[in-house]
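Hello,

Here is the structure for you to look over. Please open it alongside this note.

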Amino acid sequence: MKLKKILICGILISMVSGTCACSRQAENKGENAPEISSEAETGGQEEASQRDGASDAEGEDASAQTDDASRAGAADETPQSSDTGEAGTAEGNLDDAICGLPLARSREEEGIDFVGIGAHIKEIHGGTLLISSDSDDYPGVFTVEGADEMPEFANLQEGGSIQILMQKLAETDGQGLAKYRAERLGIVSEDEEEAHADILLTDVPTLTLQDALSSTMNVTEVRPGNYNWNVVDGEEGTSVIACGPAPLEEAAMDFTVRLKVPEYNGTGGVPYVFSTTIAPDSLLICQWNVEDIGNTEAKAEKVIKYYYKTPILELEAGKVYDFAMEWKKENAGKNKFYGNAGYVLVTE
């Protein structure tokens, strides 16, 4: 397979005095700068023109420029890139910590406060559910309290399929099963088929948010700052790696999308319709207070991991959100693309 790699590190760095987020994480892990036979672009050049205008000769010139930059000390800020398997794409470059967890897949579940999974109900005992996960990335049998507080509880039945968002509890039940508390759940029809747009995503998609309680159609769009996007189409393959500032980088705030969250009586958070062109396979949300801006080491006050495609997110005012999404490589056979991306949003 013919592969073209494009490294974009410093899209915002030329405008702000920040350090490339995934590069700094690579430094912290002691990784060495790789040899990259691709274009290393900075400044305001458009990704489309980089891909369309790339040639072998230009790739050699860009490599030479990269070598010069490396001698000037920029090598320490270059994330690792390597070929993997037949697809030959640079994978894992953004697999560094975001709020203490990897961007693409949270192999270490420590630090996650809320988990959303698909599951089926094994037993119902009063307001407590015994569920078995249908999500391969988060397997197990769990005890869930507080289900009777959900409006859907009256329609639940043993053997039924659900999507449930639940809070981790630091305890187990009498049988040693991990205990959770229900936050939100929905009943899934057994014959319900998931719609999947027949689209080849040649570029990482934009995140859109719309106030679910508003009568207006205002839509907020957020472009990713850090991503690793891979397209596998026949004999051609493209891997694009972009690296922007960390979520709490103060110098990048002037270029970060801000969303005014309206006040509704009786609501702590506001539900927003969440969508991308094709929904990610998993979504990791990290939330900080705006007071943490500038402190890139601040611990997230809330971390949520969805293993199902959620249409609704709840946002609060005065927060910084980092949405880390993954489109799995194992689905590249049918999708012709895979990758991961991080999106940063500030609410007011």
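Below is what was found, starting with how to read it.

This is a predicted model, with residues numbered from 1 along each chain as its sequence is written. Local features need pLDDT of at least 70, side-chain atom pairs count only at pLDDT 80 or more, totals for chains, interfaces and linings use all residues, and side-chain values use heavy atoms, with hydrogens and water left out.

**The sheet**

Four strands form an open sheet, in the order S11-S10-S15-S18. The pairing is antiparallel. Strands are DSSP runs of E with at least two residues, numbered from the N terminus. Two strands pair if DSSP finds at least two bridges between them. At the edges sit strand S11 (220–222) and strand S18 (312–315), and each pairs on one side only. Neighbouring strands of this sheet are turned by 35° against each other on average, direction ignored. Here the axes are lines fitted to C-alpha atoms, and angles run from 0 to 180 degrees between N-to-C directions.

Strand S10 (residues 207–211) pairs with S11 over three bridges, in the antiparallel sense. Look at Thr208: its bridge partner in S11 is Glu221.

**The cores**

Which residues touch the most other members of the largest nonpolar core? Phe323 and Tyr343 do, in a core of 33 residues. A nonpolar core is a set of buried Ala, Val, Leu, Ile, Met, Phe, Trp, Tyr and Cys residues joined through side-chain atoms within 4.5 Å. Buried means under 20% relative accessible area, exposed over 50%, and partly exposed in between (1.4 Å probe, protein chains only).

Phe323 touches several residues, including Leu207, Leu283, Leu313, Leu315 and Tyr343, not counting residues up to four places away in sequence. Contact means heavy atoms within 4.5 Å. Apart from this core lies another, of 32 residues, among them Met150, Leu156, Tyr180 and Leu284.

**The aromatic rings**

The structure holds seven aromatic pairs. Rings of Phe, Tyr and Trp (its six-membered ring) pair if their centres lie within 6.5 Å; planes under 30 degrees apart count as stacked, over 60 as edge-to-face and the rest as tilted.

Tyr138 and Phe142 make a tilted pair, because their ring centres are 5.7 Å apart and their planes stand at 40°. Tyr138 is buried, at 7% relative accessible area. Phe142 is buried too, at 6%.

Phe142 also pairs with Tyr180, edge-to-face, at 5.2 Å centre to centre and 75° between the planes. This pair links distant parts of the chain: Phe142 is in strand S7 (residues 141–145) and Tyr180 in strand S9 (residues 178–188), 38 residues apart. Ring pairs link Tyr138, Phe142, Tyr180 and Tyr307 into a cluster.

Best wishes
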